[in-house]
Amino acid sequence: MAKGDDAVRRKKNKAQRKKLNRKSDSSTVSARVASIIAAKKRRKAGKRRICQGMCFSLPTPDDPFNERLDKKDISRREPQKPKPSKLDRKVSAKRKDSVATKGSVLGHNVALKDEQKKSVTLINNMGKSRHIDSGKMEIQQDGKKVGLHGNQEQACKSSDFPSKYLILCLKAIEDTLYPDGTYNGEEGKRLFVNPWGIEFWKCYSAGKDILETSGSSSDFEQIAWIASTAADVISRREKEGHLFTGPFLLFIVPSKEKALKVRSLCKPLKAQGIHTVSLHPGASIDHQINGLQSCEPEFLVSTPERLLELVSLKATDISGVSMLVIDGMESASGGCYLDTVKSVRQSISGKPHTLVFFNSFNNAYVPAVQSLLTGLVYRLSLNDSVASQSAGIIQSIHVCSSKEERTMKGIQALDNAYSNQIIAQHLKVLYVVGKDNNIQKLVSAVKFKGYSISISSYLNSMESGNSLDCGGRMRPTVSIIDTENISCTDLGEYGVVIIPDFVLSIDDYLQILTRMARHTVNGVLHSFLTKDDSQHAGPLIEILEQCGQEVAEELRNL
């Protein structure tokens, strides 16, 4: 063995002897010193308590050697709460990279039960569906569990207030247009507390088409709320994994000036990933085609003529539009503008959410609105005028020579309403009669035509079932009330109201006119007068002129 190796071995043996001596000496130290030595060794080994995060365990008088370290009860440890997704605050500008956030549907926390998994179908507003295995899904809101049936509109109903992202979009528009804070809206209120905007959001969340009857075109606050609501819906659906290959919002305007105004109000949302393009005759069509090919806009603002031209050239595809806004019913082009809007609507497949600004009370525009809004609608107006509340309701006043002719024409009006299939889809008919009138003759005449009768309990408590016509179609039930029960009757569900014997005061007539047909644009109010009712002719003519409807020559003569 070499000398060097022998020296190394002696040195190693000496170190081992010192180590053994230290162990023998530790037995003579006190328990406190021994516990400190043991704790030091554990710290060097990285051993720590579970409940103290990165703090290493320390000995205690009851457990000086930390022998109970591994016997801690961790059953009470609360699970870590999920952090909110960034998509709740901001939409990514790169939409193709967006993915659904696990455990969230439309911004709500969703609890999944693995033991009872079922297939859930999520349906978008275009009618397309996708199936996912999500088990029983429950929305946690305010401590209550609300079942989720897979419909996005139903999910929107579960929220009573606009989302934080929607308010963020409103603030972005407000701050961009008024950076110095000089915005002076209605009574100095901010955009997010605008009464019209809150009502619009509620109507849109309910899934109904909207008829705006304030009597004016869209203003700054209304455009801001429409754009922000659309951006919020895009954000919600991107969380579910939906990708939009075409425009989501289509805003139809009558002129270049209005198109530029709408685009300027939507431009602040570009920072949130929402791109807006305006199309109008003021720019060359080649320039607009190149612009549409270079980007995929979420919002499209256009005049109907230029839009149809670009659609015919296949420069843009509007078949998948989810939200349609039509403004400018009073435009100078009149009927030509409405015909072009109808052609645009036919290019959209499915049934998008539709908002129509009915800013002209002329009776000539009613058929165009009826063709655009075919289902149930929600009337939205903060204007209490008679013309605004009765917009779209046709007032038909007949002058008769005798009471028999009056009854006969009332039955004829009922037949005409029933033969109109558009109205008959959601048809409810109401007869308003005098308290002291003998209604037996009216009931017999209506039943003779094959209609069922529902008479108010204030009269006879008579009620019969539905009836069928010779073609097997269900005839509508005709309700009859007296004049004293107008105030306590829900007139909003009746699309056709017939007053066979004009025994009403003008106040009662206005009450019926402004409260009826709240969910349809096919409302008709029939009134029948004789020479004995000449005192009502003057006020009725004033109401017709105020609502922009034609006045029959017979009524003027009366």
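1. In which helix is Ile167 found? Ile167 is found in helix 4; helices (H or I, at least four residues) and strands (E, at least two) are DSSP runs, numbered from the N terminus. This is a predicted model, in which local features need pLDDT of at least 70 and side-chain atom pairs count only at pLDDT 80 or more, while totals for chains, interfaces and linings use all residues. Residues are numbered from 1 along each chain as its sequence is written, and side-chain values use heavy atoms, with hydrogens and water left out.

2. On the surface, Ile167 forms a nonpolar patch with Phe192 and Val193, and together they have about 220 Å² of accessible area. Patches are made of residues with over 30% relative accessible area and no salt bridge; nonpolar side chains (Val, Leu, Ile, Met, Phe, Trp, Tyr) are joined within 5 Å and like charges within 9 Å. Accessible areas come from the Shrake-Rupley method with a 1.4 Å probe, and for residues only the protein chains shown count as cover. Ile167 has a relative accessible area of 34% and is therefore partly exposed (buried means under 20%, exposed over 50%, partly exposed in between, with a 1.4 Å probe and protein chains only).

3. A surface patch of positive charge gathers Lys14, Arg17, Lys18, Lys19, Arg22 and Lys41. Lys and Arg count as positive and Asp and Glu as negative, with His and the chain ends not counted; the place of a charge is taken as NZ of Lys, CZ of Arg, CG of Asp or CD of Glu. Helix 1 (residues 3–26) supplies the largest share of this patch, five residues. Arg22 has its place in helix 1 and counts as exposed because its relative accessibility is 55%.

4. The largest nonpolar core has 39 residues, of which Phe200, Ile226 and Phe299 touch the most other members. Such a core is a set of buried Ala, Val, Leu, Ile, Met, Phe, Trp, Tyr and Cys residues joined through side-chain atoms within 4.5 Å. Elements that each supply at least two residues of this core include helix 4 (164–177), helix 5 (195–205), helix 6 (220–239) and strand 10 (299–302). Helix 6 gives the most, with ten residues.

5. The whole structure holds twelve salt bridges, each a side-chain nitrogen of Lys or Arg within 4 Å of a carboxyl oxygen of Asp or Glu. One of them joins Asp175 and Lys171, with the closest N and O atoms 2.7 Å apart. These two residues are four apart in helix 4, so about one helical turn separates them. Asp175 is partly exposed at 36% relative accessibility, and Lys171 is partly exposed at 47%.

6. Asp533 and Arg406 also meet in a salt bridge, at 3.9 Å from N to O. Asp533 lies in the loop between strand 21 (524–529) and helix 17 (537–546), and Arg406 in helix 13 (residues 403–419), so the pair ties together parts 127 residues apart in sequence. Both residues are buried. A network of salt bridges links Arg406, Asp501 and Asp533.

7. In the salt bridge between Glu493 and Lys428, the closest N and O atoms are 3.3 Å apart. Glu493 is in the loop between strand 19 (477–482) and strand 20 (496–499), and Lys428 in the loop between helix 14 (421–424) and strand 15 (429–433), so this pair ties together parts 65 residues apart in sequence. Glu493 is partly exposed at 34% relative accessibility, and Lys428 is partly exposed at 38%.
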